[in-house]
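Please examine the following structure with attention to the criteria behind each structural term. The discussion takes the form of questions and answers.

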Amino acid sequence: MYAQMVKTGVDHIQSKEEMSPEERAFQDRVDADIKIEPKEWMPEAYRKTLIRQISQHAHSEIIGMQPEGNWITRAPTLERKAILLAKVQDEAGHGLYLYCAAETLGVSRDELLEQLNSGKAKYSSIFNYPTLTWADIGAIGWLVDGAAIMNQVPLQRCSYGPYSRAMVRICKEESFHQRQGYDIMMKLAKGTPEQKAMAQDALNRWWWPSLMMFGPSDAESVHSAQSMRWKIKINSNDELRQKFVDQTVPQAEYLGLTVPDPDLKWNAERGHYDFGAVNWDEFYQVVAGNGPCNRQRLRTRVKAYEEGRWVREAADAYAAKKAARAQVKAA
Amino acid sequence: MTGQDALFEYLLRLSDNALILGHRLSEWCGHSPALEEDLALSNVALDLIGQTQLWLSLAGEVEGKGRDADKLAYLRDARDFRNVLLVEQPNGDFALTMARQFFFDAWHYLLLRELKGSKDARIAEIAAKGLKEVTYHLERSRDWVLRLGDGTEESHRRMQTAIDDLWMYTGELFESDEVDQAMAREGIGADLAALHEPWLGLVRATAEEATLTLPQPGWAQRGGKRGIHSEHLGYILADLQFLQRAYPNATW
């Protein structure tokens, strides 16, 4: 998931009695699965939390273009190159829909990008890992997009109309991305010994960071409870992580690859896979800015933004001149 | 040189222009001035990669030695590439990329319009499909030349510099050698020299509207069509061909 540990600004869950009449009416609508639309009244904390969540998701799409973009010029065939370029392009498109959804909450894309560039806004921890081989492009599609879909499919039903509609469009494309990732892995796993080793190595490096994408257990988190009450979070992090493991392990087996977890085993009683402990120290370090690529990713983004400033200014200046000329002509 | 050899050579020129320019544009993905441009530049790159696949497949068929589009793209060395020097020039700033694109698109548009009437039905078909795409490419790159030329002082200066820097690479587009002449004679290819005036007309009108000054006609850099490239192409191929070279005979 592309939004991790989103804070709601609340310190406890309000009972209906504690709510103002407006808050109560709002919660009733959410409870009845009626979508909240931009012009309607909403609690300030709901609005702010959604901005954080949607923008974090958007930023993840934009930063996520870098690790995959890293292989566009080196993709091994013309078809793979076209597919990867189209995929990274889709991510730019997802970023765009999501910034638009966030803008309906009264914040501009420029403000959000400033927050990203200044390091104030977060994006998913996963994109701070490097793509070292072509197999990493397969692993990202298979695992990272797979994990994102786990979270995003339920979010199609989230309470905020523009976000839910953005998710519907995004999910369609993400499932295509996941299939192409798996297809890359399949080709490698059935390929030469070097290719198979490349696939296994990618799984080794991306498995645990993918499990971290769901965020630490939030069973006790007041923020998660509040977000679930607002229906902008549908499942707990642990539920989604379990679902992801259950879905992915058979896929790895089908590829003939080994999931790098000695504690992984089927638990017939639970009807789920048991798996080993995630290294949350590493996760917190990456979130705090100490991942292998945090600085590089942010620097690249800021550079593109700063180097593009004169272009954006020129486009604005030209549009203004054109409008002024049209006015003179009309007069 | 037999007719088939000339045709193969001619098809390589068409495909390598698309392949190398598409590659250059793909380098922008994730680094462009706005998300909308990441989308648009990728679209143009994707069109060009698609055209490359069509031209190269046909080239492989004509050659008849069992080389498919990927073999031709990934396993030829720089001396066997036939693109013009213009398309391999580094991206530079956004103005340079757009000036390069505009010069190329204007020529590409005129060329495909001619090739649409090629006597070789396979060429005519690919050209007709490509023309639809390139019509849009030209509209877009022309628009950016206008916006940057007539935008701010800085953008004007950058676009003027880009045009001055690239001008010497435009002459090669209109030079015909024995391959071009043979293809034109047979009604398969286009008369490149005849494209020069319409190209200049379009470029002049655009420059004027964009408040830009075109350099005087001067010495043209040439050689790409014969495989004599700039130093840049080797690095493009080092990226492009890395996996195919490092893991021979693997399928991806």
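Predicted model: local features only at pLDDT ≥ 70, side-chain atom pairs only at ≥ 80, totals over all residues.

Q: Why is the pair of Phe103(B) and Trp167(B) called edge-to-face?
A: Rings of Phe, Tyr and Trp (its six-membered ring) pair if their centres lie within 6.5 Å; planes under 30 degrees apart count as stacked, over 60 as edge-to-face and the rest as tilted. For Phe103(B) and Trp167(B) the centres are 5.6 Å apart and the planes at 70°, so the pair is edge-to-face.

Q: What makes Phe103(B) and Trp167(B) buried?
A: Buried means under 20% relative accessible area, exposed over 50% and partly exposed in between (1.4 Å probe, protein chains only). Phe103(B) has 1% and Trp167(B) has 13%, so both count as buried.

Q: Why is the pair of Phe103(B) and Trp199(B) called tilted?
A: The ring centres of Phe103(B) and Trp199(B) are 5.7 Å apart and the planes are at 50°, so the pair is tilted.

Q: How do you know that a charge sits over the ring of Phe81(B)?
A: The rule asks for NZ of Lys or CZ of Arg within 6 Å of the ring centre and within 35 degrees of the ring normal. The charged end of Arg76(B) sits over the ring of Phe81(B), 4.2 Å from its centre. Lys190(A) is likewise placed over Tyr254(A), at 5.6 Å.

Q: What makes the link between Asp150(B) and Lys321(A) a salt bridge?
A: A salt bridge is a side-chain nitrogen of Lys or Arg within 4 Å of a carboxyl oxygen of Asp or Glu. The closest N and O atoms of Asp150(B) and Lys321(A) are 3.0 Å apart, so the pair qualifies. Across the interface of chain A and chain B the rule finds three salt bridges.

Q: How many residues of chain A and chain B are in contact?
A: With contact meaning heavy atoms within 4.5 Å, 45 residues of chain A touch 49 residues of chain B.

Methods: Residues numbered from 1 in each chain as written. Chains lettered and ligands numbered in written order. Heavy atoms only, no water.
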